[in-house]
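Visitor: Could you walk me through this model, starting with how its strands are read?

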Amino acid sequence: MNISEQWLREWVSPALATDDLAYQLTMAGLEVESVEPVAGDFSGVTVAEIVSAEQHPDADKLRVCQVDTGAGTVQIVCGAPNARAGLRAPLARVGAALPGGIEIKAATLRGVESQGMLCAGEELGLSDDADGLLELPVDAPLGEDLSQYMSLDDKVIEVDLTPNRADCLGISGIAREVALLNDMPITPPTFDKVAQSISDTLEVELVAADRCPRYVGRVIRGVDVSRPSPLWMREKLRRSGVRSIDPVVDVTNYILLELGQPMHAFDHGKLQGGIIVRTANEGESLELLDGQTIEFKPDTLLITDHSGPVALAGIMGGQPTAVGAETTDIFLEAAFFTPQLMAGKARGYGLHTDSSHRFERGVDFKLQVEAIERASQLLLGIVGGAAGPITEVVSEADLPPRPAVTLRAQRIKKMLGFELEAAEVERILTGLGLGVTATSEGWVCAVPSWRFDIAIEADLLEELARIYGYNRLPVTHIRADLVMPARPETNVSQRYLGRHLSARGYREAITYSFVDPKLQRVFDPDITPVALTNPISADMAVMRTSLLPGLVSAVLRNVNRQQPRVRLFETGLRFVPEAEGLQQVPTLAMVATGQRFAESWSQTSVAGDYFDLKGDLESLLALTRRAGSFDFTATQRAALHPGQTASISQSGREVGYIGALHPVVVTDTGLNEPLYVAEIDLNVALDGLLPGYTELSKFPEVRRDLAVVVDKTVPGMELMQCVRNAAGPYLTDLRLFDVYEGKGIDPKRKSLALGLTFRDQSRTLSVEDVNTAIDQVVDLLGKNYKAELRN
């Protein structure tokens with residue numbers, strides 16, 4: 001936001017140099033980005049009037065002008081298209097210095113002598129307009145120094161405001177801060193209310209009162225829009241970065257910059273019936289002031305008359321009811337729109353305006369009548385006319401609540417580290433506009449209508465520190481009773497998990513908690529995610545219920561940047577709506593695509609598969625020392641391949657899943673290689689067993705291999721669990737080392753090769769011990785699965 005220092009000093013003028021004032025604002029949390037002069041560095045430029053302008057005898061685009069300097073007449077050769085008799089413009093006399101080190105000298109142009117130069121705004125560093133001379137008011141005093149006449153001894157202060165400080169999006173708000181920081185009164189401009197001279201009004205109906213709880217309007221008839229805006233107003237607008245258009249628009253922009261209240265003016269003659277504030281109907285559209293025509297979404301708030309939309313509420317007016325050169329009657333509007341419901345609406349249409357910027361952050365909801373009065377006073381002084389009564393429609397129940405906030409005196413010392421006198425506390429809080437009532441424990445503060453960022457005690461403490469001065473806060477050492485928290489040995493460190501996965505070739509990713517609604521529906525079609533009120537963009541509009549949408553997008557970005565082998569993992573929260581409320585579930589997700597190994601002369605190029613990811617995940621779960629408690633069971637899940645998906649359960653409770661992305665999803669997302677994904681409850685992966693000592697056996701182990709033929713539908717894990725149950729206490733290791741289907745095997749069956757390792761801690765096992773265990777296994781497999789030993 002750009003503000004004119006002179007304009008600010010009309011409200012409050014502390015005895016500070018410009019740089020000191022900028023530093024003070026920055027230290028108070030209103031960061032000053034830059035301080036720039038309002039014009040270029042020039043001298044010797046005065047106000048002059050063109051008495052006559054004749055065509056140059058030897059140049060079609062030049063005119064020979066006789067110019068009244070106030071002290072005589074000089075001849076100037078000028079090429080500006082707007083050079084004409086009666087025009088008052090800046091004149092750089094011979095010897096004048098212009099920005100860029102240009103010195104004006106007498107010259108002869110195509111045989112005609114020229115004693116100086118008539119200047120455009122760009123040549124003086126006043127504007128970007130180089131198409132013609134800078135036109136000055138007809139009453140500008142001839143011969144007066146231009147810098148003095150236009151008060152160019154001024155600086156533009158650019159303030160970078162944080163989103164919570166919408167109260168400072170106007171001169172009045174900045175002035176309030178400066179006055180408090182320097183303990184001096186604020187002197188806002190005084191004006192008399194405009195006398196009501198006509199009875200004309202427009203009926204206003206608030207259909208969407210929850211979105212627009214206050215709407216104020218006034219009819220003004222008989223305005224002359226052809227009159228120019230005064231130079232002082234145009235200059236204040238220019239120095240604030242706003243272009244002058246016509247007096248009506250200039251006044252509404254002036255109020256926006258002065259008070260922070262956006263306004264709009266309609267051509268009253270183009271309105272049909274009264275004003276209705278409502279949401280859009282299906283298929284409604286409007287041509288906006290910027291020339292684009294948009295079709296409204298159903299939840300868009302509109303200002304309409306009885307014929308249809310006339311403005312996009314709080315964002316931009318419509319072209320059909322815009323004030324033009326032929327306008328004689330206008331309807332002024334000032335409204336309050338609920339900030340939370342305005343957030344993101346302009347961005348949804350690819351728009352961002354000064355009005356939407358303020359309404360999204362919060363405008364003083366008691367300011368509208370004052371803004372109408374101030375605008376009426378300015379307008380009638382410039383374009384004339386007769387004003388009707390003010391129409392105000394309010395839904396008090398929908399205005400923002402303003403609960404009192406309690407500040408305890410003891411918290412100041414505890415939170416800020418120093419004691420503040422009660423009188424100073426009350427001075428600061430009162431200066432901020434709060435209603436302060438002292439109590440035995442501190443103060444109860446009534447929050448003003450322009451502060452949307454004060455709701456709890458910590459906000460008041462922040463304000464005290466900010467106004468007192470962050471640079472004045474004492475430096476103290478923290479004193480607290482610090483108790484080292486217990487760290488159970490059963491817990492697996494999350495950092496350790498990350499290091500383990502990194503060692504296996506994975507890289508940690510951090511993705512947004514906001515995801516594309518379309519991609520979200522692919523992975524969790526049965527869950528309605530939490531939609532953001534003010535999304536960053538349309539493809540980041542809902543809270544994730546799975547980490548996979550973000551990781552899949554990250555894989556795609558990497559693959560599109562010539563990274564064919566990608567291994568990523570992420571730990572973060574999933575936001576799952578449930579009957580008891582929104583659950584935030586810590587989760588670990590893994591994705592893998594591309595070759596099994598990185599390119600190397602020592603490894604053949606083999607594509608990674610489901611079992612590679614499963615092996616990585618199992619190695620991770622082994623860190624908990626509970627690997628045997630996890631089961632992988634074939635299942636089906638949205639977005640995953642029906643034949644390569646398994647649920648992960650622990651003690652009968654599902655804790656995650658693993659699988660290959662469905663080929664259709666792979667194609668739709670733009671990938672050209674299979675992608676394998678896994679997602680598991682992070683707390684499960686962190687919950688381990690206490691390490692325990694087990695003596696190593698000094699006796700030899702015995703291994704027996706079995707190849708059994710079973711039905712194809714028998715899961716290998718289920719078969720292995722059956723083997724463990726039957727093998728007895730001497731079984732120390734069981735491995736599935738081969739799966740065979742093909743020649744020599746019934747097409748409906750498969751061969752599973754198992755390696756069983758036996759050992760005892762106290763003795764060497766006999767052949768009979770091992771044979772007994774093997775016989776038990778074979779018998780139970782035959783009984784449960786009709787298994788046969790493969791010859």
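Guide: Gladly! Two strands pair if DSSP finds at least two bridges between them; strands (E, at least two residues) and helices (H or I, at least four) are DSSP runs numbered from the N terminus. By that rule, β25 (residues 435–438) pairs with β26 in the antiparallel sense over four bridges, and a hairpin of three residues joins β25 to β26. A word on the source: this is a predicted model, where local features need pLDDT of at least 70 and side-chain atom pairs count only at pLDDT 80 or more, while totals for chains, interfaces and linings use all residues. Residues are numbered from 1 along each chain as its sequence is written, and side-chain values use heavy atoms, with hydrogens and water left out.

Visitor: Which other strand pairs with β26?

Guide: Strands of a sheet pair through backbone hydrogen bonds, either parallel or antiparallel. Here β24 (residues 405–408) also pairs with β26 (residues 442–446), in the antiparallel sense and over four bridges. Cys445 of β26 stands opposite Val405 and also opposite Val436.

Visitor: What is the strand order in the open sheet of seven strands?

Guide: The order is β27-β30-β31-β35-β34-β33-β32, and the pairing is mixed. At the edges are β27 (507–508) and β32 (630–634), each pairing on one side only. Inside the sheet, β33 (residues 640–650) and β34 (residues 653–661) pair in the antiparallel sense over seven bridges, with Ser647 opposite Tyr657 in β34.

Visitor: Which helix lies across β35, and at what angle does it run?

Guide: Axes are lines fitted to C-alpha atoms, for helices over the stretch in contact, and angles run from 0 to 180 degrees between N-to-C directions; contact means heavy atoms within 4.5 Å. Helix α17 (residues 610–621) lies across β31, β32, β33, β34 and β35 (675–681), at about 25 degrees to β35.

Visitor: How many residues does the largest nonpolar core have?

Guide: In soluble globular proteins, nonpolar side chains tend to be buried together. A nonpolar core is a set of buried Ala, Val, Leu, Ile, Met, Phe, Trp, Tyr and Cys residues joined through side-chain atoms within 4.5 Å; buried means under 20% relative accessible area, exposed over 50%, partly exposed in between (1.4 Å probe, protein chains only). The largest one has 51 residues, and Ile255 and Leu332 have the most contacts inside it. A second, separate core of 35 residues includes Ile275, Leu288, Ile303 and Tyr349.

Visitor: Why does Ala17 count as partly exposed?

Guide: Ala17 is in the loop between α1 (5–11) and α2 (18–27). It counts as partly exposed because its relative accessibility is 45%.
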